[in-house]
Each structure stands twice: as structure tokens, then as C-alpha cells.
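Here is a short tour of one protein model, meant to be read with the structure open beside you.

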Amino acid sequence: MTQPDSTQPAEVTALPRQQRTRQRRDDIVANAANIFAREGYSNVGMRDIADAVGIKGASLYHHFPSKEDILFAICLTVTQEPAEENLPLLDAAGTPTERLSSLVRAHLVHLNRRRVEYIVGLHELASLTPEHRTVIEDYRRQYQRRVRDVITAGMRSGEFTVPDARLASFALTDMLNGISNWFHDGGELSIEDVADGYVELAVHRILGATHDD
């Protein structure tokens, strides 16, 4: 009979095996992202990551066969994850203004939660294999395309006044992603304050949506 891992808290070992595995993978990805951001991807080895997580090297290889696979998992947290979590907001009921405003808020909250992962993905994308890089770029294009489609719908309905939906979609996503350069929890503004301000700036001022009376 397999004994629980004594290095893990009791509440962790009590979880179903699949959930424990997922939690361990998440811990590896989060710790690796912090090390990559601090030391640089090329300067970090699998042993460094295993030590940071508090597991043996063999256990690390059980979850990820290579360091590049860990980097790929990090990049997925800021491409696949927001596509799955945020894009359904664009399919919800409501006007293009309402749906895009919801996406702006969700995008900023997610980016703040995954800020370190986003920075690593931004700077270390070239270290991925061509196959993995293609997957990441496909998710980015999908996200960009969906934002552009809603802007186009808003232009057709007369809600948005911008002349070029494609250019506006790039400007919008670049503006949202830019908070990773300056926003930190514990500052004068909360992420909710920033989200409120960005909805006003991006949706109402840049895209030209009017406020409902």
C-alpha cells in the first residue's frame, strides 16, 4: 500500500490523486516562472526548479519531461487559460460594449494573477520548440481575432467610432497587457480600480462607446 508523501501537508495528501497531481503541476509551473523571471530561462536547470518546489529531481521529471515543457506550460497559462476563461464573455448576452467591457475587466484580473508568467512568456517565447511556439501563437491569434470581431460588431451597430477594427484590437490588447510593466498589488490602486479606469479609457474613449443614461 502506498504511503502518503510525508513532505506534503495532510490536507494535500487527502486530495484525490488526480487533483494532487494537478496541484503539484501548478506548483511547479508557478515556482519555475518565478525562477525564470529572476534568473533567466537559460540560467536555470531542472535541479533548481525541483529544489524550489521541494521535490526530488525524479519526481519533477514525472510531471514534466524537460525544462522546455515547463516553459510551455507557463506560456499556456497566459494564452490558453485566458482564451478558455475570458473569451466566453464575448459570447454572452449583451451589446458589444457590454461584452467587451466584461472582457477588459476579466483580462486585467487574469493578467494580474499571472503577471510573472506573462513576463516570462513574453521574454522567453523564442526558447520554445517551433511546435510549441505555434500552439502559443495560435491561441494569441484566436484571442486577438475574437476581440476584433466584437469591435467590428460594435462598429456595425454604431456603438464604436473607430475606423479600423484590426488596428483597434491590437491597440486594446497592447494597452491591457501593458499593466504587467507597472501594476503591483498593494499600491494606491486596486486591480478593480484599474479595471474600471481601463473600461472607461479603452471602451468609451478609444473605441468611442457612449454611456447609457
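**Confidence**

The protein chain has a mean pLDDT of 92, and 92% of its residues reach 70 or more. Among the elements, helix α9 (residues 130–157) has the highest mean pLDDT, 98, while helix α1 (residues 10–13) has the lowest, 52. Residues 1–6 have pLDDT below 50, and this stretch makes 3 contacts in the model beyond near neighbours in sequence. Where pLDDT is low, the predicted coordinates should not be read in detail.

**Nonpolar cores**

The largest nonpolar core is made of 31 residues. Leu 100, Val 104, Leu 108, Ile 151, Phe 160, Leu 172 and Ile 179 have the most contacts inside this core. Helices α7 (96–113), α9, α10 (165–177) and α11 (191–206) each give two or more residues to the core, and α11 supplies the largest share, with 7 residues.

Apart from neighbours within four places in sequence, Leu 108 is in contact with Leu 176, Ile 179, Ile 191, Val 194, Ala 195 and Tyr 198. There is also a second, separate core of 26 residues, which includes Ile 28, Ile 35, Phe 72 and Leu 76.

**Salt bridges**

Side chains of opposite charge can pair when their charged atoms come close. The structure holds 11 salt bridges, and the table gives three of them.

| Salt bridge | N to O distance |
|---|---|
| Arg 22 and Asp 26 | 3.3 Å |
| Arg 47 and Asp 51 | 3.6 Å |
| Glu 81 and Arg 114 | 3.0 Å |

Arg 22 and Asp 26 both sit in helix α2 (residues 17–39), 4 residues apart, or about one turn of the helix. Asp 26 counts as partly exposed because its relative accessibility is 34%. Arg 47 and Asp 51 are likewise 4 residues apart, about one turn of the helix, in α3 (residues 46–53). With 48% relative accessibility, Asp 51 counts as partly exposed.

Through salt bridges with shared partners, Glu 81, Glu 85, Arg 113, Arg 114 and Glu 117 form one network.

Notes:
Residues are numbered from 1 along each chain as its sequence is written. This is a predicted model: local features need pLDDT of at least 70, side-chain atom pairs count only at pLDDT 80 or more; totals for chains, interfaces and linings use all residues. Side-chain values use heavy atoms; hydrogens and water are left out. pLDDT is the predictor's confidence in each residue, from 0 to 100. Contact means heavy atoms within 4.5 Å. A nonpolar core is a set of buried Ala, Val, Leu, Ile, Met, Phe, Trp, Tyr and Cys residues joined through side-chain atoms within 4.5 Å. Buried means under 20% relative accessible area, exposed over 50%, partly exposed in between (1.4 Å probe, protein chains only). A salt bridge is a side-chain nitrogen of Lys or Arg within 4 Å of a carboxyl oxygen of Asp or Glu.
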